[in-house]
Amino acid sequence: MRKINPNDFTLATRGTSREINRQIALTLIRTHQPVSRADLARLMETNRANISVLVSDLMVEGLVREGARGSRSVRGRKPTFLYVNSHKGVAVAIDVRASRTYMMVTDSIGRQIGELISFPTKFDPSEFVASIGFQVRRALREVADGAACDGIGIVIPGMLDRKTGSVLHAPTLCWRNVSLLQPLKQEIKDTDIHLENTGKACALSQIWSTRGDGIGLNDIVFVSVSDGVGVGVVMNGELVRGKHNTAGEFGHAPLSIDGPECSCGAKGCWETYISNPATLSRYLGDGVTPRVPQAVEAADFTIEDLVSRARGRDSKALAALNLTARYLGLGLATIINSLDPSQIYIGGEITEAWDLICSEVRSAIKERALTAELGEIPIRTVPAIEHPRLRGAVALVTAPAFAAPKVA
């Protein structure tokens, strides 16, 4: 049951039902492509005449195109398959981290073009903007062969003000109240630019994916473990933002008020126990900070190295990973008890050790879960090679075309 907001509503018009059906058709084509008109009619449980009208509208708008004909005849005619039009333009996805920034160019439906690009993150905001502008222009010239850019999605590890395009607080970047969107628009003119928080972007990557088990799930949580910890929450198929767009900051929920100092200034945040620097510090016996930009060649000991040692029977490496696993499970239990999601996704380099730590994570969840059922909430890892942050950044550009229209 959803309450109608008397201060924020959209009236239905004569064309509302057709607009909704149009979006359903477009989404089904994207999910099932290649798909024929007859198959689409069956999926939507409507007649071919309605489908013909909807598809015709989508083709006129350039959102759908016809492709190859089927090899089998249907009632004497070979079906013509429909595809979402991926030839319109390209999208640029950017994942900003304290250590390095990653960039990917995709077609208009999110398929990667060329190789992944990475470069050191600039901490000075003006230098950062200039660096992003340079890298985007070069990628569009070299990777996308000068194709038109539909938009740029940028994922930031911090809290954002969506109205002003400012970074309110990004602890690992040492940014507070940094105006980012307007300088970026001045640097990269005539291009739509979208900013999003890391955890929320990762959650978007799952609900807009056309693969995997997330397609039919409307209540999920994504926990991204990297230089910091980002959490994105989706309820009823919609990203949860809260009044100030800071909903889901579980990474800064306290596990202990007397714990290690966090980059946010508080003590004992969940992030200080499970982030990559926390896990590495546990093994190396010294503080590890993600705040210094690193070149790939000069990168120090990494989580991947730690996992490799753990697989080589290094008892200290195994102990470090298992303690991180316990803290991860305790924090997940808080999320599960609070939100009761259908599924939790875990992303980040720590997933490479999942077979070594999953039992410890599950044990900690069951220890704190309020009911037996909550202790069994499914958890799926998203490997780093799937690039959930970048996929979420792409969704910022491409997903609005498929979004459900707002009514009431």
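A: Let's start with Arg241, which is buried because its relative accessible area is 18%, where buried means under 20% relative accessible area, exposed over 50% and partly exposed in between (1.4 Å probe, protein chains only). Before going on, the ground rules: this is a predicted model, where local features need pLDDT of at least 70 and side-chain atom pairs count only at pLDDT 80 or more, while totals for chains, interfaces and linings use all residues. Residues are numbered from 1 along each chain as its sequence is written, and side-chain values use heavy atoms, with hydrogens and water left out.

Back to Arg241: its side chain meets that of Glu196 in a salt bridge, 2.7 Å from N to O, the term standing for a side-chain nitrogen of Lys or Arg within 4 Å of a carboxyl oxygen of Asp or Glu. The two come from distant parts of the chain, 45 residues apart: Arg241 sits in the loop between strand S14 (238-239) and helix H7 (271-274), and Glu196 in strand S11 (residues 193-197). Helices (H or I, at least four residues) and strands (E, at least two) are DSSP runs, numbered from the N terminus. Glu196 is buried too, at 2% relative accessibility.

Another one joins Glu61 and Arg22, at 2.5 Å from N to O. Here Glu61 lies in the loop between helix H3 (48-60) and strand S2 (64-69), and Arg22 in helix H1 (residues 16-32), 39 residues apart. Glu61 is partly exposed at 43% relative accessibility, whereas Arg22 is buried at 17%.

Then there's Glu349 with Arg97, whose closest N and O atoms are 3.3 Å apart.

For Cys174, the nearest cysteine sulfur is that of Cys262, 12 Å away, and Cys174 counts as exposed at 54% relative accessibility. Cys269 isn't in a disulfide either, with the sulfur of Cys264 nearest at 3.7 Å; Cys269 is buried, at 2% relative accessibility.

Key:
Disulfide = S-S within 2.5 Å.
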